[in-house]
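I opened this notebook to record what I looked up in the structure shown below.

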Amino acid sequence: MAGIAEASAQAASVRKASPGEASAMAGVLARAFHDDPAFGWVLRGDPDRTRILERGFELFLRRIWMEQDETYTTAGVVAVAVWERPDEWRLPVSKQLRLGPAMIGIFGRHLPRLLGALMKLEAKHPREPHYYLPFIGVDPDWQGRGLGGSVLAPVLQRCDSERMPAFLEASTPRNRTLYERHGFTVTEEFTLGKGAPTQWRMWRKPAG
């Protein structure tokens, strides 16, 4: 595990990510979400889970998230926060169709369950303008050092200055606790489908 001094240096280096870092950030997110209960439900028993996640995250980073220029990381790319701007969280049908072949190649037999999960998330997504946090992850070797809060900070500060809410779905009690420390409150408990683990929709009003 990284030392406190090293983690402090990384926390102080938070910045917007560049497109050239998409592969490294996908690796961070894949390792961070390898044991995530929701992804475990989607990718049931697949021994290649980390590789599937890495390829999936890289696809979405390159083709969707980096275009919005609201993805944040550190100098050493050890933590990643992916944000979507107000009113830009819904993926246009034309882009969904263009992503189809790549998603089939990556997720294979898991794709129907993944698409069903995405549809369930979208059905209850708030329509009020807000910043949306689809994913945040810290490399396992760097977890427990406050880096999650550090990569959240730039957009949460903007939310407060712009008087704009923020929204996310928490997939573990530990993550829910992190978000609660940063002003999010649970609005609904839900699951993605039969046998899926509990998740929580969370909303943050601007502070002040």
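**Entry 1. Terms and source.** I took contact to mean heavy atoms within 4.5 Å. The model is predicted, so I noted its limits: local features need pLDDT of at least 70, side-chain atom pairs count only at pLDDT 80 or more, and totals for chains, interfaces and linings use all residues. Residues are numbered from 1 along each chain as its sequence is written, and side-chain values use heavy atoms, with hydrogens and water left out.

**Entry 2. Phe 57.** I asked which residues Phe 57 is in contact with, leaving aside its neighbours within four places in sequence. I found Ala 26, Leu 29, Ala 30, Phe 33, Phe 39, Trp 65 and Phe 135.

**Entry 3. The cores.** I used "nonpolar core" for a set of buried Ala, Val, Leu, Ile, Met, Phe, Trp, Tyr and Cys residues joined through side-chain atoms within 4.5 Å. Buried means under 20% relative accessible area, exposed means over 50%, and partly exposed is in between (1.4 Å probe, protein chains only). The largest nonpolar core has 37 residues, and Phe 57, Leu 61, Trp 65, Met 103, Phe 107 and Leu 192 are those with the most contacts inside it. Two or more residues of this core come from each of helices H2 (22-32), H3 (37-42), H4 (49-68), H5 (93-107) and H6 (111-123) and from strand E3 (79-84). H4 gives the most, with nine residues. I also recorded a second, separate core of 27 residues; Ala 2, Ala 7, Tyr 72 and Met 164 are among them. In soluble globular proteins, nonpolar side chains tend to be buried together.

**Entry 4. Overall form.** I listed eight helices and seven strands in the protein; helices (H or I, at least four residues) and strands (E, at least two) are DSSP runs numbered from the N terminus. The radius of gyration is 16 Å, close to the 17 Å that the globule rule gives for 208 residues, so the protein is as compact as a globular protein of that length. That radius is taken over C-alpha atoms, and the rule is 2.2 Å times the number of residues to the power 0.38. Along the principal axes, the C-alpha atoms fill a box of roughly 45 × 35 × 30 Å. Buried residues make up 50% of the 208 residues. Of the contacts with a separation of 6 or more, 74% are between residues 24 or more positions apart.

Entry 5. I looked up two aspartates with positive phi. Asp 69, in the loop between H4 and E2, has phi near 60°, a positive value in a residue other than glycine. Asp 69 is partly exposed, with a relative accessible area of 38%. Asp 87, in the loop between E3 and H5, has a positive phi of about 65° although it is not a glycine. Asp 87 is exposed, at 55%.

**Entry 6. Gly 76.** Where does Gly 76 lie? I placed Gly 76 in the loop between strand E2 (71-73) and E3. Gly 76 counts as partly exposed, at 40% relative accessibility. Gly 76 and Val 14 are 62 residues apart in sequence, and their C-alpha atoms are 9.5 Å apart in space.

**Entry 7. Ile 104.** Is Ile 104 buried or exposed? Ile 104 has its place in helix H5, and at 54% relative accessibility it counts as exposed. From Ile 104 to Met 119 I noted 15 residues in sequence and 17 Å in space, C-alpha to C-alpha.
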